[in-house]
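Visitor: I am new to this structure. Please take me through one part of it closely, the place where the two chains meet, and then show me what lies around it.

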Protein chains: 2
Amino acid sequence: MFKNLWKNRAALVEKNLLVELNKNPALEKKLFDAMKYSLMSGGKRLRPILLMAAADAVKVNGENFLTAASAIEMIHAYSLIHDDLPAMDNDDYRRGKLTNHKVFGEATAILAGDALLTLAFEVLTRQENVSPEILLKVIKEFSTAAGAAGMVGGQSIDLESEGKKISMSTLQKMHLGKTGALFKAAIRSGAILAGANSMQLDALTIYAEKFGLAFQITDDILDVIGDEKNLGKPVGSDAKNNKSTYVTLTSIDTAKNLAQAAVDDAVDALKNFGAEADFLRELVKYLLGRNK
Amino acid sequence: MFKNLWKNRAALVEKNLLVELNKNPALEKKLFDAMKYSLMSGGKRLRPILLMAAADAVKVNGENFLTAASAIEMIHAYSLIHDDLPAMDNDDYRRGKLTNHKVFGEATAILAGDALLTLAFEVLTRQENVSPEILLKVIKEFSTAAGAAGMVGGQSIDLESEGKKISMSTLQKMHLGKTGALFKAAIRSGAILAGANSMQLDALTIYAEKFGLAFQITDDILDVIGDEKNLGKPVGSDAKNNKSTYVTLTSIDTAKNLAQAAVDDAVDALKNFGAEADFLRELVKYLLGRNK
């Protein structure tokens, strides 16, 4: 049931991404193609799934918020395009396919990222089933999480840390920004859209923080013990690039224990929710066994 | 009075840009410095000035909307950083100063642009003196204008047109996106924030379109007959880069006539407004005599 719901909702998201992309089409075809290429290149659709599941946990059908869920996936897609650029991580492959700039060139890749980020906010304004006050709160969640105090800030710490041994606290600050902030925005936004009360929102925020932590630690572990074919990208890139990770700063075993503890904490944060939060419980446990 | 009001309001905008930049500071210092460098590097502050002047024209003090005015300047600043990148126009100087990537490196320049674009939407959510419904309309204006159907789309046409002779209609489409869309969003947003009725909004939209046209034609003329010291960048770059412009597709004299006609049309669009639209009338006439 868990895997099926995930699959069905990911399909809904993918369908809606195309609908939104076509509503106000790009002035120029190559730009449109580049946006579509990265947006429709698969992926787990984890952030939209989390947004919808958080609404479910507050007993409102998450599919009411498919528009906002699509918007957060656009922000994720933009961030991957820019992260892969030659001036950044200089990656040629992502999910087993050539990266955006390898197909469309660097200039168009930069613009496709810019356009997807901007489109996310346009799409957000189209979210129905919710009051303008609440929608503004969600726009604030998204913009704060994606910007200099969140995702972009985390990427900047990452760049400045290249080739240096960094402390555990810098590593944590980097990941809270780079991946944690957007997970948190997804979950909090789903809860806010569904009209969560402050106790529910606080509990889901803790869940989100622990989810982000478990995601990052398991990501670092996969870069060591993962399978290239499943991941769609080379393993061992962190070690090759001298990157500090949860594994290099501790050990594989310690990292596994830290991941388990984060998952336990995430599940514990949901103790006052009923079966309507089962999907979130399953999802965070899935991180421990994931192979991509 | 016209020049003084412009100067005073530009100073208000600059003060507020710093306030907004510091409200939710970047996680990483170099990123913050890069954002501040471009945001505070001068310029005419034309888009915030237009936003405020459009509110004035509807008899609401434009300074009530300083927050939204600052947000649109952030979008403009981001677009300049990304346009100057090596993969785009590869410019070393802007307003007589080194471009962002020449000072901070390409990766940080990309991120500083990303962060300023995102910050614009965060800042917009902080605009007071207005209902959530109206603020959502303004977020829609900004995001539509800045994205693939507007500014980014225009830049993409520009890239794809490099070294080619393009038609007048492609040139117009490019500029409607690249510069026109954001001018229009500035003016329409000021009017919407001030509660303009639909007749006022329609008239100001025509003014905005003619303003954008006059701006672009005079920009093309300045690239031929302007003074490098005033402009803060080399002249003759359009010819050097084989760019089609209003001057290359017609002649200096025809371009001057087209600019004059656009200014006349812009002033004419304001015929049902009183003295409260005098600033907008002066501003579009100023374009004809500008030297930077």
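Guide: Start with a cut-off. A residue is buried if 20 or more other C-beta atoms lie within 10 Å of its own. Keep in mind that this is a predicted model.

Now take I139(A). I139(A) has 26 other C-beta atoms within 10 Å, so I139(A) is buried. I139(A) sits in helix α7 of chain A, which runs over residues 132–146. Leave aside residues up to four places away in sequence. I139(A) then touches F121(A) and L124(A) in chain A, and F121(B), T125(B) and I139(B) in chain B. S189(A) is 50 residues away along the chain, yet the C-alpha atoms of I139(A) and S189(A) are separated by 8.8 Å.

Step back to the whole interface. Here, 48 residues of chain B are in contact with 48 residues of chain A. On the chain B side, the elements that give two or more residues are α2 (29–39), α6 (106–124), α7 (132–146), α8 (151–161) and α9 (168–193). Of these, α6(B) gives the most, with 12 residues. By class, the chain B side holds 26 nonpolar, 13 polar and 9 charged residues.

How are the two chains related? The same surface serves both copies, as 100% of the contact residues of chain B recur in chain A.

Next, helix α2 of chain A, residues 29–39. Its buried residues are L31(A), F32(A), A34(A), M35(A), Y37(A), S38(A) and L39(A). Within chain A, these buried residues pack against α1 (2–23), α4, α5 (100–104) and α6 (106–124). They also pack against α8 of chain B.

Look at one of those pairs. The axes of α2(A) and α6(A) come within 9 Å and cross at roughly 70 degrees. The two helices are therefore roughly perpendicular to each other. From α2(A), the contact uses K30(A), L31(A), A34(A), M35(A), S38(A) and L39(A). From α6(A), it uses T108(A), A109(A), L111(A), A112(A), A115(A) and L116(A). By class, this contact has 9 nonpolar, 2 polar and 1 charged residues.

Helix α4(A) is another partner of the buried residues of α2(A). Helix α4(A) covers residues 66–84. At 1.5 Å a residue, its 19 residues should span 27 Å, and its end C-alpha atoms are 27 Å apart, which agrees. Of those 19 residues, 18 are buried, so α4(A) is largely enclosed by the rest of the structure.

Finish with two loops. R45(A) lies in the loop between α2 and α3 (46–57) of chain A. Its phi is near 55 degrees, a positive value in a residue other than glycine. R45(A) is buried, with 23 other C-beta atoms within 10 Å. N90(A) lies in the loop between α4 and β1 (93–94) of chain A. The phi of N90(A) is near 50 degrees, again positive in a residue other than glycine. N90(A) has 13 C-beta neighbours inside 10 Å, so N90(A) counts as partly exposed.

Methods. Residues are numbered from 1 along each chain as its sequence is written. Chains are lettered from A and ligands numbered from 1 in the order in which they are written. This is a predicted model: local features need pLDDT of at least 70, side-chain atom pairs count only at pLDDT 80 or more; totals for chains, interfaces and linings use all residues. Helices (H or I, at least four residues) and strands (E, at least two) are DSSP runs, numbered from the N terminus. The expected span of a helix is 1.5 Å times one less than its number of residues. A residue is buried if 20 or more other C-beta atoms lie within 10 Å of its own, exposed if 12 or fewer, and partly exposed in between; C-beta atoms are placed from the backbone. Two residues are in contact if their C-beta atoms, placed from the backbone, lie within 7 Å. Ala, Val, Leu, Ile, Met, Phe, Trp, Tyr, Cys and Pro count as nonpolar, Asp, Glu, Lys and Arg as charged, and the others, Gly among them, as polar. Axes are lines fitted to C-alpha atoms, for helices over the stretch in contact, and angles run from 0 to 180 degrees between N-to-C directions. Angles under 35 degrees count as roughly parallel, over 145 as roughly antiparallel, 65 to 115 as roughly perpendicular and the rest as oblique.
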